[in-house]
Amino acid sequence: MKIKNETLKKLTNREALDLDLISIGCMFVRGDAKQRVKGYKTTYKSADAMHYENDDVRIELIALASKSEFDGIMKQDWCLRVYDMNKMEYITFVQPLFAINFVKN
């Protein structure tokens, strides 16, 4: 299954999980996107997306449709995808805790 980033922006966290997007390499995390991540260069920044790159991969952090309340504070739900620059395709298996490196709680 292939899914575009524009489609991800329209989904809520619950809808994305119901579609089992984890099986195609989408990781879901909640928090605020980091401006800088060690080992990566920020190449794109907007209100609903952040891209980080190094020589091999591009990390795409895409904001999902709704914000959720966590401990009384509004937090953004994000979908993280890893694009392999050498193979020119998205990686379908991402380590489960990899996404937490790109958000701050």
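Which residues line the largest pocket? They are M1, K2, I3, K4, I24, R81, E89, Y90 and T92. A pocket here is worked out on a 1 Å grid over the protein atoms alone: it is an open set of points where a 1.4 Å probe fits, with protein on both sides within 12 Å along at least five of seven lines, and a lining residue has an atom within 4 Å of a point. The space in the largest pocket comes to about 200 Å³. That volume is the space filled by probe spheres set on the points, with grid points joined across faces, edges and corners. Sorted by type, the lining has four nonpolar residues, one polar and four charged. For that sorting, Ala, Val, Leu, Ile, Met, Phe, Trp, Tyr, Cys and Pro are nonpolar, Asp, Glu, Lys and Arg are charged, and the others, Gly among them, are polar.

Some ground rules before going on. This is a predicted model, in which local features need pLDDT of at least 70 and side-chain atom pairs count only at pLDDT 80 or more, while totals for chains, interfaces and linings use all residues. Residues are numbered from 1 along each chain as its sequence is written, and side-chain values use heavy atoms, with hydrogens and water left out.

Now the strands. Helices (H or I, at least four residues) and strands (E, at least two) are DSSP runs, numbered from the N terminus. Strand β2, residues 41-45, runs antiparallel to β3, and four bridges join the two. Strands count as paired if DSSP finds at least two bridges between them. β2 and β3 make a hairpin, with three residues between them. Within this pairing, K45 stands opposite M50 in β3, and Y44 stands opposite H51.

Is strand β3 largely enclosed or largely open? Four of the five residues of β3, residues 49-53, are buried, so the strand is largely enclosed by the rest of the structure. Buried means under 20% relative accessible area, exposed means over 50%, and partly exposed is in between, with a 1.4 Å probe and protein chains only.

D56 is partly exposed, at 44% relative accessibility. D56 and Y83 are 27 residues apart along the chain, and 8.7 Å separates their C-alpha atoms.

In strand β4, residues 57-70, we find I62. I62 is buried, with a relative accessible area of 1%. Its C-alpha lies 9.5 Å from that of A47, which is 15 residues away in sequence.

Next, the charged pairs. How many salt bridges does a search of the whole structure find? The search finds five. A salt bridge is a side-chain nitrogen of Lys or Arg within 4 Å of a carboxyl oxygen of Asp or Glu. I will go through some of them.

One is R14 with D18, where the closest N and O atoms are 3.8 Å apart. R14 and D18 are four residues apart in helix α2, residues 13-18, so about one helical turn separates them. R14 and D18 are both exposed.

Another salt bridge joins D32 and K75, with 3.9 Å between the closest N and O atoms. This pair links distant parts of the chain: D32 is in strand β1, residues 27-33, and K75 is in strand β5, residues 73-84, 43 residues apart. D32 is partly exposed, at 36% relative accessible area, whereas K75 is buried, at 11%.

R58 and E60 also meet in a salt bridge, at 2.8 Å from N to O. R58 is buried, with a relative accessible area of 19%, and E60 is buried too, at 2%.

Strand β5 also holds Q76, which is buried at 12% relative accessible area. A polar atom of the Q76 side chain lies 3.0 Å from the backbone oxygen of L64.

Last, two backbone angles. D20 has a phi near 55°, a positive value in a residue other than glycine. D20 sits in the loop between α2 and β1 and is partly exposed, at 44%. M88 has a phi near 60°, again positive in a residue other than glycine. M88 is in the loop between β5 and β6, residues 89-90, and is exposed, with a relative accessible area of 60%.

That is the end of my part.

Methods
Polar contact = N/O pair within 3.5 Å; in protein donor to acceptor, adjacent residues only side chain to side chain.
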